[in-house]
Amino acid sequence: MEYPRLRLAVFFLLFLHQNLFSSAAESGVVEQTCAQAAAKGIDFDFCVKTLKKNSKSSTAGTRDLATIATKLAEKEFKHVWNAIKKLLHGKLTVPDKQALSVCFDVYEDGIDALKAAIKFIKSRSESDAITYLSASLTDVTTCDDAFEEVGRKSPIAKMNEEARNFSTLALAITSLL
Ligand SMILES: *[C@@H]1O[C@H](CO)[C@@H](O)[C@H](O)[C@H]1NC(C)=O
């Protein structure tokens, strides 16, 4: 009667061991990377929440996390670009249309810049990746400025802020490489 009990105990210990190990690995890299990004001014919770949107982040290294963050930024930029496109199809005042057209162009550039950044992160050209990530941030600022120049309140200010947050996160993680 001792035998099955021992087997059960061994099984249980192995199970426990494996779970402890994998959860340590899961909480490891993302949290560690986000703690380093937080030292550069990134919101820790936003960082963890964002990276964990991609299930691959649990087994990723820092370079993979930089790629994941930049891909998420690209997705966000596409989302804003689509929203701008929709707005441009609606009824607009002349100054709003003028500013939104600028935004449409720069977001298109921003999407290309983020695509280039992903390529450079993967090919270990960090400084090029950082150049393109910074360019994507400039694109967001140009869109904000376009509304300021025509003296109008931007209807996409919040989306711009969100896009900026994603690019800033990707830039912070890439600069850890
Ligand atoms: C962007 O990040 C800032 C700083 O972490 C935060 O306060 C703000 O709510 C974020 N904005 C959006 C739209 O998510």
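Select Thr 174 to begin: at 1% relative accessibility, Thr 174 counts as buried (buried means under 20% relative accessible area, with a 1.4 Å probe and protein chains only). The model is predicted, so local features need pLDDT of at least 70 and side-chain atom pairs count only at pLDDT 80 or more, while totals for chains, interfaces and linings use all residues. Residues are numbered from 1 along each chain as its sequence is written, and side-chain values use heavy atoms, with hydrogens and water left out.

Thr 174 sits in helix H6 (helices are DSSP runs of H or I, at least four residues, numbered from the N terminus). Show its surroundings: leaving out residues up to four places away in sequence, Thr 174 touches Ala 66, Thr 70, Ile 121, Glu 126, Ala 129, Ile 130 and Leu 133 (contact means heavy atoms within 4.5 Å).

Next, select Leu 51, Ile 84 and Tyr 107. These have the most contacts inside the largest nonpolar core, which has 47 residues (a nonpolar core is a set of buried Ala, Val, Leu, Ile, Met, Phe, Trp, Tyr and Cys residues joined through side-chain atoms within 4.5 Å). Two or more residues of this core come from each of helices H1 (2-38), H2 (44-51), H3 (62-89), H4 (94-122), H5 (126-149) and H6 (157-174). H4 gives the most, with 12 residues. Centre on Leu 51: apart from neighbours within four places in sequence, Leu 51 contacts Val 30, Cys 34, Ser 57, Leu 65, Ile 68, Ala 69 and Ile 173.

Cys 34 is joined to Cys 47, S to S 2.0 Å, and the link is left-handed, with -80 degrees about the S-S bond. Cys 34 lies in helix H1 and Cys 47 in helix H2, so the pair ties together parts 13 residues apart in sequence.

Now select Cys 103 and Cys 143, joined with S to S 2.1 Å. The torsion about this S-S bond is about 90 degrees, so the disulfide is right-handed. Cys 103 lies in helix H4 and Cys 143 in helix H5, so this pair ties together parts 40 residues apart in sequence. Cys 103 is buried at 0% relative accessibility, and Cys 143 is buried at 0% as well.

Finish at the lining of the largest pocket: Asn 54, Lys 56, Thr 59, Ala 60, Asp 64, Thr 67, Ile 68, Lys 71 and Leu 72. On a 1 Å grid over the protein atoms alone, a pocket is an open set of points where a 1.4 Å probe fits, with protein on both sides within 12 Å along at least five of seven lines; lining residues have an atom within 4 Å of a point.

Technical notes:
Buried < 20%, exposed > 50% of the residue type's maximum accessible area, 1.4 Å probe, protein only. Disulfide = S-S within 2.5 Å.
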